[in-house]
Amino acid sequence: MKTSIVLYCRPGFEKECGAEIQEKAAWNEIYGYLEIVKKQGLVFFHLHNEEDGETLMEKLPLKRLIFTRQWFVTLTEKIELPDYNRVEAIVEALGSDWQYADLRMETPDTNDGKALTKFCRKLAVPLRQALRKQKILTEQGDDDGAVLHALFLSGKEVILGFSLGTNTSQHVMGIPRLKFPSQAPSRSTLKLDEAFLYFVPKKDWESRLTSGLNAVDLGAAPGGWTYQLVRRGMMVSAVDNGPMAESLMETGQVKHYQIDGFKFKPAKQNVYWLVCDMVEKPHRVAYLMTDWLIHGFCKEAMFNLKLPMKGRYQQVQKDLQMIKDRFAEHDVRYEMYAKHLYYDREEITVHARLLSPAPLAR
């Protein structure tokens, strides 16, 4: 049996997801070939050496993969399930050699996949019970144990695999389900909500996402991202030539500057967050964000880089490398991650902050 790493991504981005895993696996001297399932959000990285799957998961943090939402190493190839006794067939295929801390019932992120979720929910209960009875699934509470994945391609086809509990998404298929707040002026608010949840550890929320901090939102109108800052109690400078939602202005927490986001500079160096979702050339936005950080105009930046129609992975690499080069030029320590989040579309979200003093601060 060939062993593969299965990667989930946004449908339409399989090529970028595949190029990235192949490149970063090669950095770890792990090699294989790709099988891309177009428009299904699935990539199979078939390994030349079957033992390399777990090795790569131990070496490469999922957080370092931009286009991958979730992944697992296969335990089986595609299993044809019978019309009856599907639970027994899955339990038999797993054997009794290994134990898992949790079970994820997953499908491709497509309309056909969504239609399978009801089937998965119904099957999940008896399958969990059977797995626990056979001691394949451990009792709840073991957060670090391996996670068992069951990827259903249809009601009769499943692929089984595992991910490491310390290097996996906590969400099924790597997709957080966020509720759109009815008071928010646009659906783009979910992008920043997800970004904060993904990039900022919960233990840091009281100091990094707390009431009283100052924030700047470049390209703010009508206020989807500003809403996320306001609801966390921050004071926001909203920069955009367009109008802001009245509901946000009435909070008294928002000051609206009708000016080009590339020309705005804060009067004081008391801004903690800079956020930016401007529809602009990604290289230009990346350069601006780096400027703010090295000049000490903000402590942390969360921004989106819009993707071109072609060469998306190459453009992302180029933009991120430019940021790294500028940080290196000023000899600063920093933290930076990028992710194609679930609520992103033709863009990725980047989070960056300096871990040493801003070199060009006044």
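Colleague: A crossing of two helices is right-handed if the near helix is turned clockwise from the far one by less than a right angle, and left-handed if it is turned anticlockwise. With that in mind, is the crossing of α3 and α4 left-handed or right-handed?

Modeller: Please keep in mind that this is a predicted model. In it, the crossing of α3 and α4 is right-handed.

Colleague: At what angle do α3 and α4 pack, and how far apart are their axes?

Modeller: Helix α3 covers residues 86-94 and helix α4 covers residues 111-133; the angle between them is about 55°, and their axes are 10 Å apart. Angles of 65 to 115 degrees count as roughly perpendicular and those under 35 as roughly parallel. The two helices are therefore oblique to each other.

Colleague: Which residues meet there?

Modeller: From α3 come Arg86, Val87, Ile90, Val91 and Leu94, and they meet Phe119, Leu123, Pro126, Leu127, Ala130 and Leu131 of α4. By class, this contact has ten nonpolar residues, one charged residue and no polar ones.

Colleague: Now to another pair. How do α9 and α10 cross?

Modeller: The axes of α9 (residues 282-294) and α10 (residues 312-329) cross at roughly 20° and come within 10 Å. That angle makes α9 roughly parallel to α10. Their crossing is right-handed.

Colleague: Which residues make that contact?

Modeller: On the α9 side they are Pro282, His283, Ala286, Tyr287, Thr290, Asp291, Leu293 and Ile294, and on the α10 side Gln315, Asp319, Met322, Ile323, Arg326 and Phe327. Eight of the residues in this contact are nonpolar, three are polar and three are charged.

Colleague: What about α1 and α10: at what angle do they cross?

Modeller: Helix α1 (residues 14-27) and α10 cross at roughly 55°, and their axes come within 9 Å. That makes α1 oblique to α10. Glu16, Ala19, Glu20, Glu23 and Lys24 of α1 meet Arg312, Tyr313 and Gln317 of α10. The contact of α1 with α10 holds five charged, two nonpolar and one polar residue.

Colleague: One last topic, the backbone. Is the peptide bond from alanine 221 to proline 222 cis or trans?

Modeller: The bond from alanine 221 to proline 222 is cis, with omega near 0°. Most peptide bonds are trans. Proline 222 sits in the loop between β9 (214-218) and α7 (224-230).

Colleague: Is the phi of lysine 39 positive or negative?

Modeller: Lysine 39 has a positive phi of about 65°, although it is not a glycine. Most residues other than glycine have a negative phi. Lysine 39 belongs to the loop between β2 (32-37) and β3 (42-47).

Terms used
Residues are numbered from 1 along each chain as its sequence is written. This is a predicted model: local features need pLDDT of at least 70, side-chain atom pairs count only at pLDDT 80 or more; totals for chains, interfaces and linings use all residues. Side-chain values use heavy atoms; hydrogens and water are left out. Axes are lines fitted to C-alpha atoms, for helices over the stretch in contact, and angles run from 0 to 180 degrees between N-to-C directions. Helices (H or I, at least four residues) and strands (E, at least two) are DSSP runs, numbered from the N terminus. Angles under 35 degrees count as roughly parallel, over 145 as roughly antiparallel, 65 to 115 as roughly perpendicular and the rest as oblique. Contact means heavy atoms within 4.5 Å. Ala, Val, Leu, Ile, Met, Phe, Trp, Tyr, Cys and Pro count as nonpolar, Asp, Glu, Lys and Arg as charged, and the others, Gly among them, as polar.
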